[in-house]
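The sequence and structure are shown first.

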Amino acid sequence: MTRLNLTMGPLIFHWPADKKRDFWFRIADEAPVDTACIGETICSKRTPYFDDRQYEEVAQRLERGGKKVVWSTLCEVMIKGDSKIVARTSRRPDAEIEVNDASALWHLSGRPHRIGPAFNVYNSETMQYLARKGARHFCLGAELPAPTIAALGKTAAELNVGLEVQIFGRMSLALSARCYHARAHDRTKDDCRFVCENDPDGMELTTRSNTPFLSINGIQTLSHRYLNLAHELRDLAEMGVATFRLSPHSCDMVAVAGTYRALLDGKIDATEADELLVEHGVPQPMANGFFHQRPGLERVAPGPD
Amino acid sequence: MSVEQAGQMARPELVCPAGTPAALRTAVDAGADAVYCGLANATNARNFPGLNFSVPELEKAIPYARKGGTKVLLAVNSFATAPGADLWHRAIDTGASLGVDAVIVADIGVAAYAARTHPGLRLHLSVQAGASSPEAIKYYCREFNVKRVVLPRILTIAEISAIHDLIPCEIEAFVFGNIGMMAEGRCSLTNYITGQSTNMDGVCSPASAVRFEKQTDGAMTARLGDFEIDCYEAGENAGYPTICKGRYLTPGRNAPYYAFEEPVSLNLSSLLPDLVKAGVSALKIEGRQRSRSYVRAVVTAYRRAIDDIMDGQPPDLSALVALTEGGKQTQGAFKSKKWR
């Protein structure tokens, strides 16, 4: 059986620069992950606070720690500044690039690249087309249900391309031109004064009767609940998914990675992994509904083994 | 605007919604240059009960449109979902064999299938593809020979004009109707709450998951699934619970507010000359889920407005305000970046 890998996905939140650097350095030195995706994927306004040079430093440290480094592009490309950043990342020499929108494909089609979770791949024809144009690895979006992942797993095997799904962290549910973080503070996107920096895991949005509902990360809307596919890992592996993505949060991500690594290695079972995630301070309850073709926020109980 | 300025503008195509065969005939009669419609299944982004066309209905509708000088555009613009992506391919085949004037696609696999199997079939890139930068649009033109892009409702007129100068295809822009806040083709909010997907099932806030509950104080709670999307005081008009139009709480706020967008309608009628000058060659009216009387009123008003502008006359647009959501209208992103 192929070795099962872990990826630390891009850090989607706007953390202060030193916290961000410390996070990646610690992942580089201590986390049992095989791959790390770096770069700003949400808002181009944040890039001056952690620029390419700082990411290069992170990349070197990750490589020294034995991790493969992947540069992820912006998910939404709208203004000139966004386009420039995508062009710059796409032209980075010798770098492995994860494409999150079609403008990165404009630059990278014909060269080897990866397809990120913000780019819609829902069927085999899409995967085949992109693979013909150089895509070597696909990370699927969070809403895909098991039958779709299974079908794409077969196609990925035929094409000999990598297949990855997110298994941990808040799920990206929507992107917008408008910054909802700024709006919550009566500001506009152009005058946001980086208020998103105050919410390391996103800003809680509740219903009028205070039921937790969603989470806001600038232009991105996230699930309130964290995804946890510990009980689905074996099924996913059988479908041909060999790489599993953790989306970073402010909880102890080294411990989270260690938990899933132990699960992949058969040292603990999924129920023990659930318990360890609680111990590591991951907000509960967690969700797995999308995989089971249920509302994404649901937690479907594990079936009998 | 002077007559001379009007003379410099190319006449834009008025693209109108046809949710049903009856709405199609209404739009044709009211002066639509083109209508867009979908088949009654998951292949289009307005897959609502009672809407859309069977294949025989579409076959019958096309000659009616032709006789009225109206083009027919077939939306196959949800994301073909495996297993079962054949359904989308068959929709493309249907459009090609019935001779629609173009199919509107969003999915790479569907676009590739259409370009490969029906090289003569004209392709429009749906707003669901979320192509909002010149490079993204150029990608679809280069790969699939897309002839027109429907732009997301998130760009200012100055940005549209800049894009126009950089891309090799026509631009279609929304001018009236429901204004979706989230980037199209990338929203799983409905699926997160209801288990039905906008991208895969063509469904947004499905009626089957909507509940209105009268409270003891006369207030009305509107729910989607288990979640309270909004609550209306007695006497307040209750809106349909769409997640991105609800009122919520966040830590910085002490009262519920429209965290994403107010329930308003887009109405760009007063910006029409600017849009056309920016290089927009087709003006799109949203609303395949709307009634025939709504379609008749909006299409008639826009037909007259475009004709007036092209004749160098100031258009009369007063009738349109009454048709906007709760009488509230917005120019959305088009007028200014401050909207963001």
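## Chains, domains and interface

Chain A contains 10 helices and 11 strands, where helices (H or I, at least four residues) and strands (E, at least two) are DSSP runs numbered from the N terminus. This is a predicted model, in which local features need pLDDT of at least 70 and side-chain atom pairs count only at pLDDT 80 or more, while totals for chains, interfaces and linings use all residues; side-chain values use heavy atoms, with hydrogens and water left out. Residues are numbered from 1 along each chain as its sequence is written, and chains are lettered from A and ligands numbered from 1 in the order in which they are written.

Chain B has 13 helices and 15 strands.

Over all chains, the count comes to 44 salt bridges, a salt bridge being a side-chain nitrogen of Lys or Arg within 4 Å of a carboxyl oxygen of Asp or Glu. One of these joins Arg88(A) to Asp52(A), at 3.1 Å from N to O. This pair links distant parts of the chain, with Arg88(A) in helix 3 (residues 80-90) of chain A and Asp52(A) in helix 2 (residues 52-64) of chain A, 36 residues apart.

Chain B is divided into domain 1 (3-179 + 264-339) and domain 2 (198-258), with bounds that come from an automatic or database domain assignment. The centres of these domains, taken over C-alpha atoms, are separated by 28 Å. Contact (heavy atoms within 4.5 Å) involves 14 residues of domain 1 of chain B and 7 residues of domain 2 of chain B. The two domains bury about 750 Å² between them, 46% of it on carbon and sulfur atoms; buried area is the accessible area (1.4 Å probe) that two parts lose on being put together, summed over both. In domain 1 of chain B, Phe48(B), Phe79(B) and Thr81(B) lose the most area to domain 2 of chain B, together 38% of what that side buries. The count of salt bridges between these domains is 0.

Between the chains, 63 residues of chain B are in contact with 68 residues of chain A. The buried area is about 5600 Å², 58% of it on carbon and sulfur atoms. On the chain B side, Arg186(B), Tyr192(B) and Arg340(B) lose the most area to chain A, together 16% of what that side buries. The interface of chain B and chain A holds 5 salt bridges. Arg178(A) forms a salt bridge with Glu261(B), and the closest N and O atoms are 3.3 Å apart. Helix 6 of chain B gives the most to the side of chain B that touches chain A, with 8 residues.
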